[in-house]
Amino acid sequence: AHSASWKAAKEYVTSGANGVAPQWNENMIPGQQWTDPKTGIVTLVPGMTAYLAAGRNPYEDIVHLAKDLGCAGVDVDYEEMWHADTFKTGTGPWDLQQTVYKYAAILKNVEGTMRKVAPKMKLSTAAGAVG
C-alpha cells in the first residue's frame, strides 16, 4: 500500500499524533520474513505480496469492489493482533499506540477513497469505548 492515498493517510495520522511518533515499518512486507531490530527475532509477516507485485492498494481496492457490488458502504474489521503484540509497550496494561496509528491510517485511506469514488458510501467499524 505504497500509493499516494496511503502516503496521504500516513501523513494525516502523523500530523495529529501526540506523544510517541508513528513508526510505519514499511519493511514489514506481508508473506515475508521481518527481523525485529530490538530483539533480533525473525517473524513471518501474515499475508501475501500479491498486491505489491500488482502495484495495488488493498484499502482503495476494497472501496472499488464495494462500489462495483452496489454496497452501501464498507465495514472495516481490524484484528491485527500480531501487530499489536509486536509493537506493544509498557508492562501492562499495554500501550498499543503504533497499532492505533496503523488502524487510523487504514480508516483514513478507506474514507479518502470513498470520498473520491463513492461519496455516498458509509464507513463503519467496531470500536471499544474507553474512559
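Helices here are DSSP runs of H or I spanning at least four residues, numbered from the N terminus. The structure shown is a predicted model.

View 1. Apart from neighbours within four places in sequence, the residues in contact with Lys102 are Trp6, Trp24, Tyr78, Glu80, Trp82 and His83.

**View 2. The largest nonpolar core.** This core holds 17 residues, of which Val63, Val74, Val76, Val110, Met114 and Met121 touch the most other members. At least two core residues come from each of α1 (4-16), α3 (58-68), β3 (73-76) and α5. The greatest contribution is that of α5, which gives eight residues. In soluble globular proteins, nonpolar side chains tend to be buried together.

**View 3. The contacts of Val74.** When neighbours within four places in sequence are set aside, Val74 is in contact with Ile62, Val63, Ala66, Val110, Met114 and Met121, and also with Lys122, Leu123 and Ser124. Val74 is among the residues that touch the most other members of the largest nonpolar core.

View 4. Leu65 belongs to helix α3. The relative accessibility of Leu65 is 44%, so this residue counts as partly exposed.

Methods: Residues are numbered from 1 along each chain as its sequence is written. This is a predicted model: local features need pLDDT of at least 70, side-chain atom pairs count only at pLDDT 80 or more; totals for chains, interfaces and linings use all residues. Side-chain values use heavy atoms; hydrogens and water are left out. Contact means heavy atoms within 4.5 Å. A nonpolar core is a set of buried Ala, Val, Leu, Ile, Met, Phe, Trp, Tyr and Cys residues joined through side-chain atoms within 4.5 Å. Buried means under 20% relative accessible area, exposed over 50%, partly exposed in between (1.4 Å probe, protein chains only).
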